[in-house]
Amino acid sequence: MAQLSDFPDEIIRHVLHFVSAEDNLRNFQLASRRLHNIANEPLLWRTYCLRCFHFWDARHNLEKKLKARASSVGWKDLWLERRRTNFRVERWLDGIVRTTRGQARRVAAICELGLDVKDYLLDQRYIDDSDEYVLAKKYWAQATLDSLHRGLAVEVWFSYQGRLNSREHLDAALGAFDMFVLHDQDHDLNYIARTLDQYAIQYITEHPHSKRFNTRDKAINLMRWLRLKNYIGAEFPISEYRNLQYCLIGHVLSEREHASLPLVAAAIFVCVAQRLGINAACLNFPGHAYVSVEPPAGEDLDGELVWSNKRPTALHRMYIDPFTSDHEVPIEYLRAKLVEHGWESDDDSASFQPSPVPIIVQRMAKNLKASWAEVYTLPENDPKIISTGRLRTGVPLRNLNTAKYAAMWADLMTKDPATFRWSDSLSRLLAECSQHWSEDLWILEKYLSPVYEAYDSFLKRQPMAMDDRVGWQHVPDIIRMMNNLDNRGSTACHRRYTEDIQRSVHYKIGQVFRHKRYGYVGVINGWRSKNVMLPDPHTVSHEDARVEGGRFDMYSEMGYGRRPTDKIFYTCVRPAYCRLRIAQENVEIIMDPAEIPEELFIAAGRFFKRFDRESCRFVSNIKEYYPDD
């Protein structure tokens with residue numbers, strides 16, 4: 001009978017490609033010295049690395065390693081490093097789901113490892129339902145991955161500090177907005193860059209002689225090609241103008257129809273044009289998005305030689321509208337538009353100048369805020385909310401809130417901190433982060449703190465400087481507060497010691513209810529009686545509290561000033577909210593699991609281990625705060 005040692009090395013090498021890396025390590029290479037040598041060949045471990053891990057942090061410089069000879073790279077060591085990283089992430093994630101103390105610190109530790117953790121976190125989507133912490137692990141794996149994505153996005157915007165006039169990497173700067181709502185999708189910054197690269201390669205392939213064209217013809221031909229391919233300029237109903245899917249460049253590129261806002265269409269043209277050597281840039285023009293194109297130094301737009309070292313003016317540029325037209329836009333038309341808006345229309349107007357990328361980012365941030373503002377006052381079941389916030393994944397209202405959060409970050413990261421107006425949206429961002437995105441504490445520390453220090457230094461240099469920044473205007477204080485809450489948790493709310501609480505608080509943590517008035521379904525994740533305040537993680541904001549009607553003082557719940565009325569109320573989890581106030585008389589308990597929306601099982605993982613179908617109740621994972629529920 002033939003034995004494995006009887007086969008030639010080539011056959012054994014082939015067989016090893018069907019053996020898992022773990023089996024190779026634990027069994028195969030231990031059989032003999034010969035098999036050990038074959039099982040440790042660099043080319044094999046290169047295959048294992050690419051098969052086992054799809055996402056790689058930039059520090060590995062994977063593209064360079066793939067181009068090098070396999071024997072010159074320690075592929076086995078790299079595979080072992082990635083496996084050790086997974087073990088560390090597993091340990092930290094287990095700590096996150098088992099105790100509320102130190103959650104933000106553990107999320108930070110995972111996110112600091114970069115994209116190396118993404119494979120493991122995505123795998124948690126398929127965890128077995130029999131796991132005791134199935135909902136918690138799924139939720140916190142996704143929440144940690146989302147925080148990592150947001151950190152990568154903020155890093156892109158942060159990179160413009162000190163170079164706010166840069167016109168580079170527009171695709172990444174706009175793609176950073178996609179990262180906030182990416183979730184488990186593939187359309188990240190690398191996808192955006194690859195897709196735009198493919199557009200440029202495709203254009204060159206179909207137009208091999210285009211390099212001979214003058215600048216004007218290059219720009220017009222490229223614009224017409226992009227529109228012909230339907231990559232830009234796809235029409236959509238004006239009633240859908242504020243829909244998020246048209247604002248996000250990654251989403252637009254990955255959609256079959258490629259419908260987008262004019263600003264995104266202009267950005268796609270600019271990014272492809274720059275890849276083809278065309279000096280194009282978006283304009284910060286009021287009311288619509290246009291693109292300017294400049295010729296190379298020493299030439300005019302028609303390819304004629306010129307002998308001038310002067311900076312190009314509006315008359316030396318061409319202007320196009322990639323969203324609407326196949327033709328060049330006359331400068332006279334743009335001047336007339338400026339007059340309509342009451343702006344200066346002379347050739348030196350800033351509206352005719354190529355805009356730096358941070359300005360375009362700020363403009364997109366305004367669009368996202370406008371999308372959120374358009375639906376903010378609508379009833380939650382209004383179809384307009386669903387259509388405006390619908391993306392491939394995520395709850396529409398949650399997507400809109402996340403887009404607004406992204407816009408806040410973009411504003412602060414792409415503006416000069418050496419100005420008095422820099423902090424206009426600072427308090428809103430800090431309040432939003434501490435109340436709804438506590439896992440992003442590491443992003444505050446890593447990226448907001450240095451910019452705030454520059455702002456603080458600017459203020460101290462001003463004559464008659466007065467430092468009246470307190471509370472939500474003082475970044476170090478907020479970071480310190482969030483760290484303290486993360487390290488020590490909050491005071492527990494007991495039922496057993498108080499007869500009044502046992503009698504007056506009717507419902508318990510984890511019970512599912514329907515709101516008697518509004519009809520929505522939620523899960524109770526906190527309660528308050530007249531003698532017990534909400535634990536810090538359950539403190540509701542002023543806006544959330546007013547859902548039930550009447551006036552509510554948020555600060556009294558955090559221990560400042562007088563307490564509100566003695567009315568019993570609860571906080572609850574819903575697909576788009578993790579803390580929403582509801583009065584006890586509006587709670588109607590649900591006992592049929594079929595009435596629970598699927599999205600609620602995802603959101604509930606922040607506070608619950610799993611779902612018990614027999615009792616139709618979520619099993620609490622916040623016993624540290626409510627030990628008797």
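## Salt bridges, starting with one pair

A salt bridge here means a side-chain nitrogen of Lys or Arg within 4 Å of a carboxyl oxygen of Asp or Glu. Glu374 belongs to helix α16 (residues 357-376) and Lys384 to helix α17 (residues 383-389), ten residues apart. Both ends are partly exposed: Glu374 has a relative accessible area of 34%, and Lys384 has 22%. Keep in mind that this is a predicted model.

The count comes to 35 salt bridges. Take Arg59 and Asp116, whose side chains meet at 2.7 Å, N to O. Arg59 sits in the loop between α4 (42-52) and α5 (62-67), and Asp116 in the loop between α7 (103-111) and α8 (118-123), so this pair ties together parts that are 57 residues apart in sequence.

## The chain as a whole

Stepping back, the protein chain has 25 helices and eleven strands. Of its 629 residues, 53% count as buried. Take the contacts between residues at least 6 apart in sequence: 69% of them join residues at least 24 apart. The chain exposes about 29900 Å², and carbon and sulfur atoms supply 51% of that.

In soluble globular proteins, nonpolar side chains tend to be buried together. In this model the largest nonpolar core holds 131 residues, and Trp157, Phe177, Ile268, Phe269, Trp409 and Leu448 touch the most other members. Helix α9 gives the most to this core, with twelve residues. A second, separate core has 37 residues, including Val521, Ala603, Phe611 and Tyr626.

Beyond its neighbours within four places in sequence, Ile268 is in contact with Leu196, Tyr199, Tyr231, Ile232, Ile249, Val252 and Leu253. Phe177 is one of the buried residues of α10, as are Leu170, Leu174 and Phe180. Ten of the eleven residues in α10 are buried, so the helix is largely enclosed by the rest of the structure.

## Buried loop residues

Ser166 lies in the loop between α9 (134-158) and α10 (170-180), and is buried at 11% relative accessibility. Its side chain makes a polar contact with the side chain of Arg163 at 3.0 Å. Past its neighbours within four places in sequence, Ser166 is in contact with Tyr160, Pro356, Val357 and Pro358.

Ile590 is in the loop between β9 (587-589) and α25 (598-604). At 3% relative accessibility, Ile590 is buried as well. Its contacts outside four places in sequence include Val512, Phe513, Val521 and Cys616. Val521 is 69 residues away in sequence, yet the two C-alpha atoms are 8.6 Å apart.

## A nonpolar patch outside

On the surface, Phe7, Ile11 and Val15 form a nonpolar patch with about 230 Å² of accessible area together. Val15 is in helix α1 (residues 9-16) and counts as partly exposed at 35% relative accessibility.

Key. Residues numbered from 1 in each chain as written. Predicted model: local features only at pLDDT ≥ 70, side-chain atom pairs only at ≥ 80, totals over all residues. Heavy atoms only, no water. Helix = DSSP H or I, 4+ residues; strand = E, 2+ residues; numbered from the N terminus. Buried < 20%, exposed > 50% of the residue type's maximum accessible area, 1.4 Å probe, protein only. Contact = heavy atoms within 4.5 Å. Areas by Shrake-Rupley, 256 points an atom, 1.4 Å probe, with all protein chains shown as cover. Patch = residues over 30% accessible without salt bridge, like charges linked within 9 Å, V, L, I, M, F, W, Y side chains within 5 Å. Polar contact = N/O pair within 3.5 Å; in protein donor to acceptor, adjacent residues only side chain to side chain. Core = buried A, V, L, I, M, F, W, Y, C linked by side-chain atoms within 4.5 Å.
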